[in-house]
Amino acid sequence: MLSFMRPLIVSGLGTSGQTCRTLTRVAFGSSAKDSGYDEAWLQALLHDHPNLLPVEAIEPALTPLMSICREMQVPSGFIDNLFLTPDGGIVLVETKLWRNAEARREVVAQVLDYAKDMQSLSYEAFEAAVRRARKDNAGFRLFRLVSPDGDGTEEFAFADAVARNLRLGRILLMIVGDGIREGV
């Protein structure tokens, strides 16, 4: 979106009751106390509404997105948000607010480190990391999150696709925040 455009909400499109109102930017403030909006809030928003991510415009094959977990631990840190598609596509999201000093170049290195760490995971290790992040029980199956009604044959194909995407490092990396610094 161009910076000079003003986002709008249009309700009742094409009806006599059509309304249109301009959106205002959410002020993240200099601290979470000032605004109530922090990186955890942004992570939760994305987890609850994965359709906010413009993935279809970047790589249409990575839709629909299913929220998998937040704060998944890998050797280099914690992945803020992890999403999968029903056919095994992987999307990793790192959230950073403008005021965060890491919102510069460091965040690019951070997401690359996360992808490198994920590339070394087997499907079983990946599923175990998701289980720990979700604090789920030992009966947890990753496939059930993306396809609750799928059968065993589909689960094998899903696991193979995820394992292949991990091995090849085929992961969409996204940095999401309230602004991007020019140096990034």
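Two residues are in contact when they have heavy atoms within 4.5 Å of each other. In this chain, residues 24 or more positions apart account for 55% of the contacts with a separation of 6 or more. The structure is a predicted model, in which local features need pLDDT of at least 70, side-chain atom pairs count only at pLDDT 80 or more, and totals for chains, interfaces and linings use all residues. Residues are numbered from 1 along each chain as its sequence is written, and side-chain values use heavy atoms, with hydrogens and water left out.

**Overall make-up**

- The chain has seven helices and six strands; these are DSSP runs numbered from the N terminus, with helices (H or I) of at least four residues and strands (E) of at least two.
- Read from the N terminus, the order of elements is β-β-α-α-α-β-β-β-α-α-α-α-β.
- Of the 184 residues in the chain, 37% are buried; buried means under 20% relative accessible area, exposed means over 50%, and partly exposed lies in between (1.4 Å probe, protein chains only).

**The sheet**

- Strands of a sheet pair through backbone hydrogen bonds, either parallel or antiparallel.
- Here, four strands make an open sheet with mixed pairing, in the order S3-S4-S5-S6; two strands count as paired if DSSP finds at least two bridges between them.
- Strand S3 (66–74) and strand S6 (172–177) are the edge strands, each pairing on one side only.
- From one strand to the next, the twist averages 30°; axes are lines fitted to C-alpha atoms, for helices over the stretch in contact, and angles run from 0 to 180 degrees between N-to-C directions.
- Strand S4 (residues 77–84) pairs with strand S5 (residues 90–96) in the antiparallel sense over four bridges.
- Among the bridge partners in S5, Leu92 belongs to Leu82 and Val93 belongs to Asn81.
- S4 and S5 form a hairpin with five residues between them, and Gly88 in the turn has a positive phi of about 95°.
- S5 and S6 pair in the parallel sense over six bridges; Val91 stands opposite Leu172 in S6, and Thr95 stands opposite Val176 in S6.

**Helices across the sheet**

- Helix H2 (residues 39–48) lies across S3, S4, S5 and S6 and runs at about 140° to S3.
- Helix H4 (residues 106–119) also lies across S3, S4, S5 and S6, running at about 150° to S5.

- Seven of the seven residues of S5 are buried.
- Both faces of S5 are covered, with Ile90, Leu92, Glu94 and Lys96 on one side and Val91, Val93 and Thr95 on the other.

**Two residues in detail**

- Thr95 lies in strand S5 and is buried, with a relative accessible area of 0%.
- Not counting residues up to four places away in sequence, Thr95 touches Glu39, Leu42, Gln43, Leu46, Asp80, Asn81 and Val176.
- Phe78 is in strand S4 and is partly exposed, with a relative accessible area of 40%.
- Leaving aside neighbours within four places in sequence, Phe78 is in contact with Glu71, Met72, Gln73, Glu94 and Tyr114.
- Phe78 and Tyr114 are 36 residues apart along the chain, and their C-alpha atoms are separated by 8.0 Å.

**The second largest pocket**

- The second largest pocket has a volume of about 210 Å³; a volume is the space filled by probe spheres set on grid points, which are joined across faces, edges and corners.
- A pocket is an open set of points on a 1 Å grid over the protein atoms alone, where a 1.4 Å probe fits, with protein on both sides within 12 Å along at least five of seven lines.
- The second largest pocket is lined by 13 residues, of which Ala61, Leu62, Gly89, Asn165 and Arg170 lie nearest its centre; lining residues have an atom within 4 Å of a point.
- Helix H7 (residues 152–168) gives the most to this lining, with three residues.
- The lining residues of this pocket divide into six nonpolar, three polar and four charged; Ala, Val, Leu, Ile, Met, Phe, Trp, Tyr, Cys and Pro count as nonpolar, Asp, Glu, Lys and Arg as charged, and the others, Gly among them, as polar.
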